[in-house]
Amino acid sequence: MLVVMDAHASEAQVRAVCEKVESLGYRAHPIPGAQRTAIGITGNQGLVEVATLEEMSGVQEVIRVSKPYKLVSRDVKPDNTVIRFSGTEATIGGPDLAIIAGPCAVESREQAFAVAEQVHRAGAQFFRGGAFKPRTSPYAFQGMALEGLKILADIRQQFHMPVVTEAIDHESLEMVEEYADVIQIGARNMQNFSLLRRAGRSVRPILLKRGMAATLDEFLMAAEYVLSEGNYNVILCERGVRTFADHTRNTLDLSIVPAVQRLSHLPILVDPSHGTGKRDKVIPMSLAAVAAGAQGLVVEVHTDPDHALSDGNQSLFPEQFAQLVGEVQQISAVLRRNASRASGAR
Ligand code: PEP
Ligand code: MN
């Protein structure tokens, strides 16, 4: 259910509607928009009595949202969500491409700083690196945990890049939210509903990766879990799905980019590293992702990929990453030029 307020509705009127909604046992989600404020209503108590809300002052109309996802939907919020990071120019979901780069895992202070220096110089706005690694084998490197998070925090300090790192359970999420700027929920946890709810109570933005067998609806519903708890800063990320194709690690499903953008206001990024699993395919698929309209990229980079403790095969050398940034910026500039021409013509 969605309450659409009048364009001139006062803050007090919006507050009164929210209080009414909460008093009926539902949750109210005020969503300011360019034209007017809308209030999303969620809860599992059955249908809200529409007339009760319709007669309140400042209310324009009350609409039933028929889609299963509500708060992630463009019906509820037509304008794109843009996530900002205080103290930096970096944004996710705005007109500029957001480029998140770094190693798969933080392996040591030296390794992480060496990669950070290179990706920063090449133009990445965000640094990534796992401190908690969800590995297929229990005997594989599991990440440096708290020590890794401290290294990431030092990198943020030194290079002024917000850092993105994965939380794999409730315990690690508590730690990650203290040190990182964005909390990643990985593909293997996309349907860990209790973790999603916990992420929804965090003050940090959430980078939610698509599960390797998730449909578009399942992906959006996973995001809905986070928003339903009050955290509206969710960034979606396509990272490839399992198919019969065996020339790549996963099949990068770029068609999900326009599909998400049609239905949802949330930003969608593409991870061509996990999406292909092969270094030589990362640049071409990055170009394709940006051409398809992705709002940014998540790319793995390593200064010595042959000795990386995880995902060396798909990690770019720093020079390749610099080439990637140059090439995607050209594509992005063409698209932006075309977009402004198109809007000027209207
Ligand atoms: C990662 O980003 O290193 C990672 C493990 O990603 P995914 O969850 O997409 O496999
Ligand atoms: Mn990885």
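The model is predicted: local features need pLDDT of at least 70 and side-chain atom pairs pLDDT 80 or more, while totals for chains, interfaces and linings use all residues. Residues are numbered from 1 along each chain as its sequence is written, chains are lettered from A and ligands numbered from 1 in the order in which they are written, and side-chain values use heavy atoms, without hydrogens and water.

- Cys104 sits in the loop between strand 7 (98–102) and helix 3 (109–122) and Glu300 in strand 14 (residues 296–300), so the pair ties together parts 196 residues apart in sequence.
- Helices (H or I, at least four residues) and strands (E, at least two) are DSSP runs, numbered from the N terminus.
- Both Cys104 and Glu300 are buried; buried means under 20% relative accessible area, exposed over 50% and partly exposed in between (1.4 Å probe, protein chains only).
- Asp311 belongs to the loop between strand 14 and helix 11 (318–345), and has a positive phi near 55 degrees although not a glycine.

- The 15 residues of helix 4 (residues 145–159) should span 21 Å at 1.5 Å a residue, which agrees with the 21 Å between its end C-alpha atoms; the expected span is 1.5 Å times one less than the number of residues.
- Buried residues of helix 4 include Leu149, Leu152 and Phe159.
- The buried residues of helix 4 pack against helix 3, strand 8 (126–128), strand 9 (163–166) and helix 5 (170–179), where contact means heavy atoms within 4.5 Å.
- His160 follows helix 4 and lies in the loop between helix 4 and strand 9.
- His160 counts as exposed because its relative accessibility is 60%.

**Largest pocket**

- The largest pocket holds about 560 Å³ of space, a volume being the space filled by probe spheres set on grid points joined across faces, edges and corners.
- Of its 22 lining residues, Ile41, Thr42, Gly43, Asn44 and Lys70 are the closest to the centre of the largest pocket.
- On a 1 Å grid over the protein atoms alone, a pocket is an open set of points where a 1.4 Å probe fits, with protein on both sides within 12 Å along at least five of seven lines; lining residues have an atom within 4 Å of a point.
- Helix 7 gives the most to the lining, with four residues.
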